[in-house]
Amino acid sequence: TGLTNPDFFNWELNAQQEVDTRDPDAVVMAIGGNDGFNVEAGGQLYGPSDPEWETEFARRVAVVAETFAENGERPVYWVPPPTARDEEQNEIYAAQNRAVERAARVVAGLRYVDVYSTLNGGKYSDSLKIDGRKVLARQADGIHFTREGSIAPARLLLEQMAKDYPELG
């Protein structure tokens, strides 16, 4: 689920419930594939191509991340979507990634894990070279990773986590 449709699932409320129930050492948020919905901000509706949408999305990321991070006490690794095959979807994902990057500059503990522009130089490809061999990296939907392809974003996440947890290095 994503942040743009709180009527379906409200991450702002759920984040506090998760912290209270689980008290995690770290949090990994890998969401955003369904975040192409309009958002309301200041009584107005904005679509993903509007700058106000990106600002509201950054605000929502910040609220959820601040709750999980508890003033920087726990790292929150936010993994927005990678590049997509569909160009319209790709534009939405680019806006999400910019928003998460903005939120990470102001929320203590929030780590932006950039799979969007890092993997394959930010260009979509069905395949990736992993450990010297070419593998089918994406599922038929042109968004999700295959089991073999998921190694690449998982490594980016682990590299980021190793900065906080050196034993992962």
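Two strands pair if DSSP finds at least two bridges between them; strands (E, at least two residues) and helices (H or I, at least four) are DSSP runs, numbered from the N terminus. The model is predicted: local features need pLDDT of at least 70, side-chain atom pairs count only at pLDDT 80 or more, and totals for chains, interfaces and linings use all residues. Residues are numbered from 1 along each chain as its sequence is written, and side-chain values use heavy atoms, without hydrogens and water.

**Exercise 1.** Determine how strands β6 and β7 are joined.

*Solution.* Strand β6 (residues 127-130) and strand β7 (residues 133-136) run antiparallel and are joined by four bridges. Opposite Ile130 stands Arg133 in β7. Two residues lie between the strands of this hairpin, and Asp131 in the turn has a positive phi of about 55°.

**Exercise 2.** Classify the pair formed by Trp53 and Phe57.

*Solution.* Rings of Phe, Tyr and Trp (its six-membered ring) pair if their centres lie within 6.5 Å; planes under 30 degrees apart count as stacked, over 60 as edge-to-face and the rest as tilted. For Trp53 and Phe57 the centres are 5.1 Å apart and the planes 10° apart, a stacked pair. These residues are four apart in helix α2 (residues 51-69), so about one helical turn separates them. Both Trp53 and Phe57 are buried (under 20% relative accessible area; exposed is over 50%, partly exposed in between; 1.4 Å probe, protein chains only).

**Exercise 3.** Locate the charged end of Arg138.

*Solution.* A charge sits over a ring if NZ of Lys or CZ of Arg is within 6 Å of the ring centre and within 35 degrees of the ring normal. The charged end of Arg138 sits over the ring of Phe145, 4.5 Å from its centre.
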